[in-house]
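Notebook open, model loaded. I want to start with the packing and then look at the overall form.

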Amino acid sequence: MATGSGSLMWFRKGLRIHDNPALERASGASSFLYPVFVIDPRYMAPDRRAFSPGSSLAGLNRIRFLLESLSDLDSSLRKLGSRLLVLKGDPGEVLVRCLKEWNINKLCFEYDTEPYYQSLDEKLKSFASSAGIETFSPVSHTLFNPADIIEKNGGRPPLSYQSFVKLAGKPLWESSTLNLSISSLPPIGDVGSMEISEVPTIIELGYSDSELNVLQVDETPFRGGESEALKRLKEFLPNKAWVANFEKPKGDPSAFDKPDTTVLSPYLKFGCLSSGYFYQCLNDVYRDVKKHTQPPVSLLGQLLWRDFFYTVAFGTPNFDRMKGNRICKQIPWDERDELLAAWREARTGYPWIDAIMVQLKKWGWMHHLARHCVACFLTRGDLFVHWEKGRDVFERLLIDSDWAINNGNWLWLSCSSFFYQYNRIYSPISFGKKYDPNGNYIRHFLPVLKDMPKEYIYEPWTAPLSVQTKAKCIIGRDYPKTVVGHDSASKECRRKMGEAYALNQRLNGSVSEQDLKNLRRKLEEDRTEEVNPRTMKQKRI
């Protein structure tokens, strides 16, 4: 057991040295500092029942990104005379043992709004309090404290971006000087009988070579870690015109050699980059230019969107599901697993959609407009599959998957909340074509179509057989036929959404499971009548 004052810094997100108030507090006036990361089996252990290599909650791309971020953090800590202490097991149980065995009198960790960590943190705080241990858990993952915004709004989260921005105002720390470096850290004390390990490799976590081959690590251009985040930030900030003119609805979703955005989202997700530091960097650029875009479309506006979703998610029970979620429209989504599988496995027969899903699987990332297209296609645009099913796929495969933002975007894009213009649908054919008429993006991610003439690359089923043969891609054999016809499917989706909206309005949002079953049956009957005019005629008589 160590003697003297000991602090435990628990890392989970916030995997950085710069602008880390929890680490700063932990290292101050302490004889010993224990920087800890706990390998949580629910997040890291292999689950061979999942549809892709990874754990029950995360695909291998995100696990890889996390391990790279931890290795980078460990390297930074070593330069400061410390190191990362990696332990394995249930975080709550492991940390309680650490607090007892290491004679800790100060526990520090970044505040987290996710329900899983909220529950875990309350238990830890309760134990620490009973043991006389000081707890410091600052809000540093977001620009604002979601609880403060909700309190300002009378106890409920603001449900529009505009009202959020008005309530939030400027961060209290905006004019403060952020602590961007630490010169040294207290030494690590005696670790006793606790089993400490280095940052593990993917193989050491229990994954096989064959699973790594499926991952195709070399195809993933984004590496984890604070060093990589700061390098990426440093590369684009000098291009002040690009930063000043950034406008979210614009940008090319087909640009893959050099993505048409910052690709800082995974670094913000894991806290390798401080959102506060990013905020200040953007304001520094804005001060140096004559004019710049404004929220909601500016880069600064994107950071505010992030905080908006965090705030709504924090203040909305059951935010991650349709049932029991007071801000979510109740819609009788189809339960057709074969359509979900076709979408997830990039075999819808629509090259633009399938190429995006291949990029997601291989890179763990795609442009925000590409995400919009595939999310709309799965839900209200073409397949009418439940947004929760698509959310689960994104949650697993995206390296920047963030609980609040991922759920918020799926609620938005399925027109279940926030956005209600369900008649506005992304075409799986014309949308991509306007950015990339030659289909280079499709040719890269779907090499089976690389020799298809550009006239047919977005609709290969329309190519004459002679053209398909010359391109060495016969539709229905080498590349799938379309799972639905877009024109008829989108028309049907609009009809279903209209009926569902009418039901929600009629019942003032209090739609029961039985109400949804009845509507589902009615929609199916109406569709049958539409397909069979004779039946409809007899009914009218």
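Predicted model: local features only at pLDDT ≥ 70, side-chain atom pairs only at ≥ 80, totals over all residues.

By nonpolar core I mean a set of buried Ala, Val, Leu, Ile, Met, Phe, Trp, Tyr and Cys residues joined through side-chain atoms within 4.5 Å; buried is under 20% relative accessible area with a 1.4 Å probe, protein chains only. Residues are numbered from 1 along each chain as its sequence is written, and side-chain values use heavy atoms, with hydrogens and water left out.

Core first. I looked up the largest nonpolar core and got 140 residues, with Phe11, Leu15, Leu84, Phe278 and Trp343 making the most contacts inside it. Its largest share, 10 residues, comes from helix H13, residues 299-315 (helices are DSSP runs of H or I, at least four residues, and strands are E runs of at least two, numbered from the N terminus). I also found a second, separate core of 22 residues, Val38 and Phe109 among them.

Then I checked Phe11. Beyond four places in sequence, its contacts (heavy atoms within 4.5 Å) include Pro35, Phe37, Leu73 and Leu84.

Overall form next. I count 24 helices and five strands in the protein. The radius of gyration is 25 Å against 24 Å from the globule rule for 541 residues, so the protein is as compact as a globular protein of that length; the radius is over C-alpha atoms, and the rule is 2.2 Å times the number of residues to the power 0.38. The C-alpha trace spans about 90 × 55 × 55 Å along its principal axes.

Last entry: 55% of the 541 residues come out buried.

Note on methods:
Buried < 20%, exposed > 50% of the residue type's maximum accessible area, 1.4 Å probe, protein only.
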